[in-house]
Amino acid sequence: MNCGYVALIGRPNVGKSTLMNHLLKQKISITSRKPQTTRHRILGINTTEAGQAIYMDTPGMHDSEKRALNRYLNRTADTTLLGVDVVVWLIDGLSWHEYDEVIFKKLEQAGLPVILAVNKVDKVKDKDTILAFFAEARHRFPFEQMVPISALKGTNLEQLENAVMQLLPEGGLIYPEDQITDRPERFLCAEIVREKLTRRLGDELPYALTVEIERYEEQPEITKIYAIIWVERSTQKNIVIGKAGEMLKKVGTDARHDIEKLIGQKVYLQLWVKVKKGWSDNERALQNLGFND
Ligand SMILES: Nc1nc2c(ncn2[C@@H]2O[C@H](COP(=O)(O)OP(=O)(O)OP(=O)(O)O)[C@@H](O)[C@H]2O)c(=O)[nH]1
Ligand SMILES: [Mg+2]
C-alpha cells in the first residue's frame with residue numbers, strides 16, 4: 001500500500017478546503033467566499049484499498065504579516081511542507097499571481113514532488129487555454145503532474161487522487177482506517193459556527209473574530225454546546241448580534257443544523273458574543289484561544 005501526507009497549499013480562496021471536503025466526501029474543513037477562511041491545519045484522512053492519503057488543509061499563503069494572527073497563519077502554512085510526502089499546489093485562473101513567486105521559491109527549497117492543480121475550471125470556457133497554460137507552467141517548475149480540476153463540481157478528482165497515490169511512499173496505514181480527521185468534534189463545532197458567521201456576515205465580518213467552545217456536554221439524548229464568539233470591539237459585537245439579536249439567532253440555527261448532521265444527535269447550542277480587545281495582535285491571547293498548532 002502507499003501511505004503518506006499530502007499538503008494542500010495555495011493562496012487564500014483558491015479552493016483548498018472545498019477540495020479536501022470533496023476528496024473525503026464529508027465536510028471536515030469550513031469554506032467560504034472570503035479569503036483566509038481556514039486558520040488551522042486540519043487533516044482529512046482518506047483510506048482506500050490502495051492505501052492512505054492524509055490530506056492536510058492549510059491556511060492560504062499570503063504576504064501580510066501585519067498582525068500576530070497573520071504571522072501565525074503564515075507560519076502554519078509554511079511548516080506544512082515539513083514532513084509531507086507530496087504537495088498539491090492549487091491555483092485558480094490561468095495566470096500566476098505575485099505571491100505565487102514566493103510559493104515557487106518555497107517549493108524549490110522543499111524538494112518535494114509537486115502536483116499542480118488548476119481549480120475552478122468550471123469557470124473556464126475555452127479549454128485550449130488550459131493546455132497552453134500547462135505548456136508554459138512546465139517550463140517554470142518540474143511538476144510531477146498538472147491536473148485541471150473543479151473541486152466544487154468534482155471534475156477530475158479521481159485523476160488527482162490517482163496521481164497523489166502513485167507518489168506516496170510504500171508503507172502501512174498511519175491512522176486507523178475509520179479515522180477521518182485529527183481534530184476532535186468540539187473543534188469542528190467551533191469551526192462550523194465560524195463558517196456560519198463568515199457566510200452570514202459577508203463584508204461586515206470582523207476579521208478579528210474567533211469562536212471558543214466553553215462547554216461541551218454529551219448527554220444520552222442531546223449534546224449541549226456553549227460557545228463564545230470573541231471580537232475586538234463593542235461595535236463588532238453589535239454587528240454579530242444584529243438587530244434584536246436576529247443575526248446571532250440565524251447563525252445559531254445554521255450552525256446547529258450542521259452540528260447535528262456531524263454528530264448525529266440533537267444539539268442545544270448557546271452562543272455568547274464577548275469583546276477581548278486586541279486579541280488578534282497578542283501572542284498570548286492567541287495561544288489561549290487555541291492558535292497553537
Ligand atoms: N466555481 C468554483 N468555485 C469554487 C471551486 N472550488 C472552490 N470554489 C469556491 O471558492 C471559494 C473559496 O473556497 P475555499 O475552499 O474556502 O478556499 P480556500 O483555498 O480553502 O481558502 P482559505 O481557507 O481562505 O485559504 C468558495 O466560495 C468556494 O465555493 C470550483 O471548483 N469552482
Ligand atoms: Mg480553506
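Leaving aside neighbours within four places in sequence, which residues is threonine 198 in contact with? The views below come from a predicted model, and the first of them takes up this question.

**View 1. Threonine 198 sits in helix α6.** Helix α6 spans residues 185-201. Once the neighbours within four places in sequence are set aside, threonine 198 is in contact with Ser32, Lys34 and Leu205. Is this threonine buried or exposed? Threonine 198 has a relative accessible area of 6%, so it is buried.

**View 2. Two domains make up the division of the chain.** Domain 1 covers 2-167, and domain 2 covers 185-288. Their C-alpha centres are 28 Å apart. Across the boundary, 19 residues of domain 1 are in contact with 24 residues of domain 2.

**View 3. Ser17 and Thr38 coordinate the magnesium ion, ligand 2.** The donor atoms are OG of Ser17 and OG1 of Thr38, at 1.9 to 2.1 Å. Distant parts of the chain are linked by this pair, as serine 17 belongs to helix α1 (residues 16-24) while threonine 38 is in the loop between α1 and β2 (42-48), 21 residues apart. Serine 17 and threonine 38 are both buried.

**View 4. Ligand 1 is surrounded by 23 residues.** The closest are Lys16, Thr18, Gln36, Thr37 and Asp122. A polar side-chain atom of aspartate 122 is 2.7 Å from a nitrogen atom of the ligand. In the side chain of serine 150, an N or O atom lies 3.0 Å from an oxygen atom of ligand 1. Serine 32 contributes a polar backbone atom, 3.3 Å from an oxygen atom of ligand 1. On its own, ligand 1 has 650 Å² of accessible area, and the protein covers 91% of that.

**View 5. Threonine 58 lies in the loop between β3 (51-57) and α2 (68-79).** With a relative accessibility of 1%, this residue counts as buried. A polar atom of the threonine 58 side chain is 2.8 Å from the backbone oxygen of leucine 8. Apart from neighbours within four places in sequence, threonine 58 is in contact with Leu8, Ile9, Lys16, Thr38 and Thr80.

**View 6. Helix α1 is largely enclosed by the rest of the structure.** Why is that said of α1? Because eight of its nine residues are buried. These are Lys16, Ser17, Thr18, Leu19, Met20, Asn21, Leu23 and Leu24. Their cover includes β1 (2-9), β2, β3, β4 (86-92) and α5 (157-167). After the helix comes lysine 25, with a positive phi near 55 degrees.

**View 7. Asparagine 13 and glutamine 36 are loop residues with positive phi.** Most residues other than glycine have a negative phi. Asparagine 13, in the loop between β1 and α1, has a positive phi of about 75 degrees although it is not a glycine. Asparagine 13 counts as partly exposed, because its relative accessibility is 30%. Glutamine 36 is in the loop between α1 and β2, and its phi is near 65 degrees.

Conventions:
Residues are numbered from 1 along each chain as its sequence is written. Chains are lettered from A and ligands numbered from 1 in the order in which they are written. This is a predicted model: local features need pLDDT of at least 70, side-chain atom pairs count only at pLDDT 80 or more; totals for chains, interfaces and linings use all residues. Side-chain values use heavy atoms; hydrogens and water are left out. Donors are N, O and S atoms within 2.8 Å of the metal (3.2 Å for Na, K and Ca); water is not among the atoms, so sites may look incomplete. Helices (H or I, at least four residues) and strands (E, at least two) are DSSP runs, numbered from the N terminus. Buried means under 20% relative accessible area, exposed over 50%, partly exposed in between (1.4 Å probe, protein chains only). A polar contact is a pair of N or O atoms within 3.5 Å; within protein, one must be able to donate a hydrogen and the other to accept it, and residues adjacent in sequence count only if both atoms are side-chain atoms. Contact means heavy atoms within 4.5 Å. A residue is near a molecule or strand if one of its heavy atoms lies within 4 Å of it. Accessible areas come from the Shrake-Rupley method with a 1.4 Å probe; for residues, only the protein chains shown count as cover. Domain bounds come from an automatic or database domain assignment.
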